[in-house]
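Hi,

Here is the structure I said I would pass on. Have a look at it, then read my notes on what turned up.

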Amino acid sequence: MTANTKIPYKIYLEENEMPQAWYNVRADMQNKPAPLRNPGTGQPMTAAELEGVFCRELVQQELDNTTAYIPIPQEIRDFYKMYRPSPLVRAYCLEEKLQTPAKIYYKFEGNNTSGSHKLNSAIAQAYYAKRQGLRGVTTETGAGQWGTALSMACAYLGLDCQVYMVKCSYEQKPFRREVMRTYGAKVTPSPSNTTQVGRKILAEHPDTTGSLGCAISEAVEAAVSQEGYRYVLGSVLNQVLLHQSVIGLETKAAMEKYGIRADIIIGCAGGGSNLGGLISPFAGEMLRGERDYRIIAVEPASCPSLTRGKFAYDFCDTGMVCPLAKMYTLGSGFIPSANHAGGLRYHGMSGIVSQLYHDGLLEAVSVEQTKVFEAAEYFARVEGILPAPESSHAIRVAIDEAVKCRETGEAKTIVFGLTGTGYFDMVAYEKYNNGEMSDRIPTDEELAASLAQLPKVAE
């Protein structure tokens, strides 16, 4: 490519340029994520123990710390072709509006029926469940993006799908709920009276709006109590970040196609699936000493696990029935305010992302909800895409970094993940437009009380 060649608005890879293998960043990490531990014995979980909850092949992916590239089965690649490769978009209009010398790109993952990046892992997990001969799967969902993606994947493969949806999102996002039901999923607001752990949580907190930790507990109980079912998860776990690496692999390939070099890479961070998927190939280059990037994880100020949490072993769920994971956590009992970024309401962060952050390979910032929606509406008016509240956290910081470039005159290249669309989030936009949206930030005392309940684990 010549120096004066104009970069297209949208960079599409050819179908044959789509990744043929997922990238496992753990293979290049000197400090591996700490192993999941049995909450009863405190010992690392074995494959046999994990297979009681998860699909057999997914357990192998979860535990594999050494294989750098894991082939994507042809059946999954054929499904990916319906919406992948996804475009890398040059935000020319945003650059002009901001009057910044920065070059801004976003990887758009909302160009599929589920409306988000979640489908990348949903079809993989459903595929392995089907290949194992299972009847169905259970799961939780926050904003509903993961539940929508999984219900779509299960409908495609003929699997039963049972979704426990965080109560506040169930009420705020009825249309997302109905999309899941349209694909045949059974959707239950969590916490519910359908499980023992749900009834226990409701007895202790009758007015709770729920959390991803609560919904996980219920979904796991539902899976282990039904023959032929397994639990699947849309974020946090190693296997999920592995599947989502297609985002980063495509982003990197598209940039190399036009000789683009990123300076700053930005992603929203809840459980870590989108962020981990986007940054993995770039973090791999950093780990191998090949290149250096500035990577920024953006989380909500209402649920600030990286910026205000503790790096320690904790339960993955509120009901304390899941394995213990070492991660940046606010405590498994922490229930954030009913903010509108439902996908960013998990109390902990992916073990991979947590370790990379702990080792200084990425930085983290937290942003208030009203500032996020301010950026979301600005982006929608300038770039023509209505973003999901989750994605808008990355947009907020991308705009902030571009403004800094305007002030300093530095022509940095910024890349961020646009994880999905916000067309099922209009209640949130209505609240913002009516001036009814508030910022709820937990106090130091609230976080200290939650963190005081962390389990004691000898490492």
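**Pockets and rings**

In the largest pocket, α9 is the element that gives the most to the lining, with 4 residues. (Helices are DSSP runs of H or I with at least four residues, strands are runs of E with at least two, and both are numbered from the N terminus.) Before you go on: this is a predicted model, where local features need pLDDT of at least 70 and side-chain atom pairs count only at pLDDT 80 or more, while totals for chains, interfaces and linings use all residues. Residues are numbered from 1 along each chain as its sequence is written, and side-chain values use heavy atoms, with hydrogens and water left out.

Back to that pocket. The largest pocket has a volume of about 520 Å³. A pocket here is an open set of points on a 1 Å grid over the protein atoms alone, where a 1.4 Å probe fits, with protein on both sides within 12 Å along at least five of seven lines; lining residues have an atom within 4 Å of a point. The volume is the space filled by probe spheres set on the points, which are joined across faces, edges and corners. Of its 22 lining residues, His205, Ser332, Gly333, Phe334 and Ile335 are the closest to the centre.

Now for the rings. How many aromatic pairs does the structure hold? There are 15. Rings of Phe, Tyr and Trp (its six-membered ring) pair if their centres lie within 6.5 Å; planes under 30 degrees apart are stacked, over 60 edge-to-face, and the rest tilted. Take Phe79 and Tyr156: their ring centres are 4.8 Å apart and their planes are at 70°, so this pair is edge-to-face. Phe79 sits in helix α3 (residues 74–80) and Tyr156 in helix α6 (residues 145–157), so the pair ties together parts that are 77 residues apart in sequence. Phe79 is buried, at 1% relative accessible area, whereas Tyr156 is exposed, at 51%. (Buried is under 20%, exposed over 50%, and partly exposed in between, with a 1.4 Å probe and protein chains only.) Ring pairs also link Phe79, Tyr80, Tyr83 and Tyr156 into a cluster.

Cheers
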